[in-house]
Amino acid sequence: MRNWPLALLIALAVISPLLALVVGVANISFSDVAQIICGQFSDSCEANALKQRILFELRLPRVILAFLTGAGLALAGSVLQTVTRNPLADPYLFGISSGATFGAVLVIAVSGFGMGASQGLFSGWSQLGITGGAFIGSAVSVLLVISMAGRSVQIERMVLAGVATSFMFSAATSLVLYASDPQAASSLLFWSLGSFTRAGWENLSLPFLVLIICFILFSGFSRQLTALLSGDENARSLGVEVQKIRISMLLLTSLLTAILVANTGGIGFVGLMIPHIVRRLFEHSGQHMMWITILFGGVFMVWVDVVSRTILPGHELPIGVITAAIGSVFFLLVMRRKSWS
Amino acid sequence: MNNILDVHNLHWSAGDIPILSDISFNIPKGAFVGLIGPNGAGKSSLMRCLYGVNKPQVGEIFLHNKNLLDMPARDQAKQVAVILQEHTTHMGLNVWDVVAQGLTPHKGLFEWTNKQDLKNIELAIEKMDLQSLKNQPFEQLSGGEKQRVMLARAQVQNPQLLIMDEPTNHLDVHYQIEVLNTVKKMDISVLASIHDLNLAAAFCDYLLVIDKGKIVDQGLPKDVLTENMISKVFKTCVSVDKHPLSSSDQVRITYSYSDLDALIAKNHNDNEKGDSNA
């Protein structure tokens, strides 16, 4: 593996969040950010105190949530592509994201959690309720997909079952949106398309914790995952309990996806796209692949968030719209390359 | 006799369809045992039973007097390495990564590659003359190079028994001989299914003949590779003599259909006579 792309990625992972902190309606310069972070910023005047509050209470948690979401979805996609040996696998393909979105939307619509204007309402129990709904939705998807995959857990059947499950939950989400009152439906629609607007310090700890736990577990199983890349029979001959590992990894990725979806809504294509780009740019990086994927996904999402905040003056585009626009073109390019190769 | 593998009365069915029945044989320590038989005879199914993919309904497989069927997958893989017939795509893995897969059964969770492991990987790569290829994607290698990579992986896996399913498939004559010579030099017990009867005669210490899911003959190549056995099992007319340049037997195939028709008629008559005598 060449070293310069790795050095560039690490530099970007440090610089991108700092640059993203500068972007926003309120005029906060890079030197302001540097001074605030270093603790040398004077908050004696009202304007400075406001800048400090905007930075710490709005922009910093938002940038961190964007980074965690990108990192987590990319990691989930990478592991799914490995365990299914399907280069087009991502949390959407197996219905995990759709199940999680439906679960979260249903909880919000029924309970009214997260619909309040203030940030405070979207914390504590309400956040836990949405997360629980998302996880139950994604777990139901995974169990449906696994139960349809047959006794030998055939990948082709899993993919077909995943696509069907994904459509089923998308339809159910649309039904909930249709049945909700117009104001709630508009709010739910924006949320279901992906957004970091509700980012706050109180909803960073769970995604961070789950991402770290998943990363540690995936790293622990990295040999088994690499063996799966060589096919089920090869992996079995290397001592890997193929079905157990595949199902455990699916459940872990569904947990990770559910936690992220509960906080950000549905953001597609990141899990599909980033592992591909990483494999192409960082060929044969073997055991380093996982943390490279995390960094790349994080950096990518930080910049997607910057674009969503700046592309239309005075408006914010849903994150999922931007990732889907980039991802669908990417998807077609991958297909085209495959058909010609 | 000091056997590495003892198989007793093995039966395996795929669903309701019986594929293997009453299979019994053993592999002496250090022997290169060839498994021969026509297409669909059950060679791959039998091998899959030995490395845990197929679960036999009846029978026992003892490896060094321990029942292989009771061992967890990881313990099995510490004892038995496998080189499959078809090399699936390895999703971007390079030669070094594939060779390093040999460590999989020997390492627990969070047990990283240490200096000794790295040394073993490099040694296996060097032994198989793969130094110049170690950063190449596995998919880009030729058939012979892929087989050498898999042999290097097996070396890192350090098993008691190496199972090879059609190791010379898709290889030209040069690579067929190179691969089998390399295996011989590894000084390890081997069970390999081989289609080419002349290669089996030249390289194997013992042969097992499987037909319709049963072992129909076994022994030294000179005793097993007879015109009678080959005509019965492979439905092919052959003559067997000594190779002029080596001591091994040489199977010459008759490619005429009229000879084959005559053979089938002869076998049919022989069977009828046998039935009437009985």
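**View 1. The contact between chain A and chain B.** In this predicted model, the contact draws 24 residues from chain B and 21 residues from chain A. Helix α2 (residues 73–79) of chain B supplies 4 residues, the largest share of the side of chain B that touches chain A.

**View 2. The open sheet of chain B.** Four strands of chain B form an open sheet in the order β2-β1-β4-β5, and their pairing is antiparallel. Strands β2 (17–28) and β5 (66–67) of chain B are the edge strands, each of which pairs on one side only. Against this sheet packs helix α1 (residues 43–50) of chain B, which touches β1 (3–14), β2 and β4 of chain B. The direction of helix α1 makes about 65 degrees with that of β2(B).

**View 3. The pairing of β4 and β5 in chain B.** Strand β4 (residues 58–63) of chain B and β5(B) run antiparallel and are joined by 2 bridges. Leu63(B) has Lys66(B), in β5(B), as its bridge partner.

**View 4. The largest nonpolar core.** This core has 166 residues, and the residues with the most contacts inside it are Leu75(A), Val99(B) and Ile163(B). Helix α3 (residues 46–84) of chain A gives the most to the core, with 15 residues.

**View 5. The surroundings of Val99(B).** When neighbours within four places in sequence are left aside, Val99(B) is in contact with Ile121(B), Ala124(B), Ile125(B), Val149(B), Ala152(B), Arg153(B) and Val156(B). Val99(B) is also one of the residues with the most contacts inside the largest nonpolar core.

Conventions:
Residues numbered from 1 in each chain as written. Chains lettered and ligands numbered in written order. Predicted model: local features only at pLDDT ≥ 70, side-chain atom pairs only at ≥ 80, totals over all residues. Pairing = 2+ DSSP bridges. Contact = placed C-beta atoms within 7 Å. Axes fitted to C-alpha atoms, helices over the stretch in contact; angles between N-to-C directions. Core = buried A, V, L, I, M, F, W, Y, C linked by C-beta atoms within 7 Å. Buried ≥ 20, exposed ≤ 12 C-beta atoms within 10 Å, placed from the backbone.
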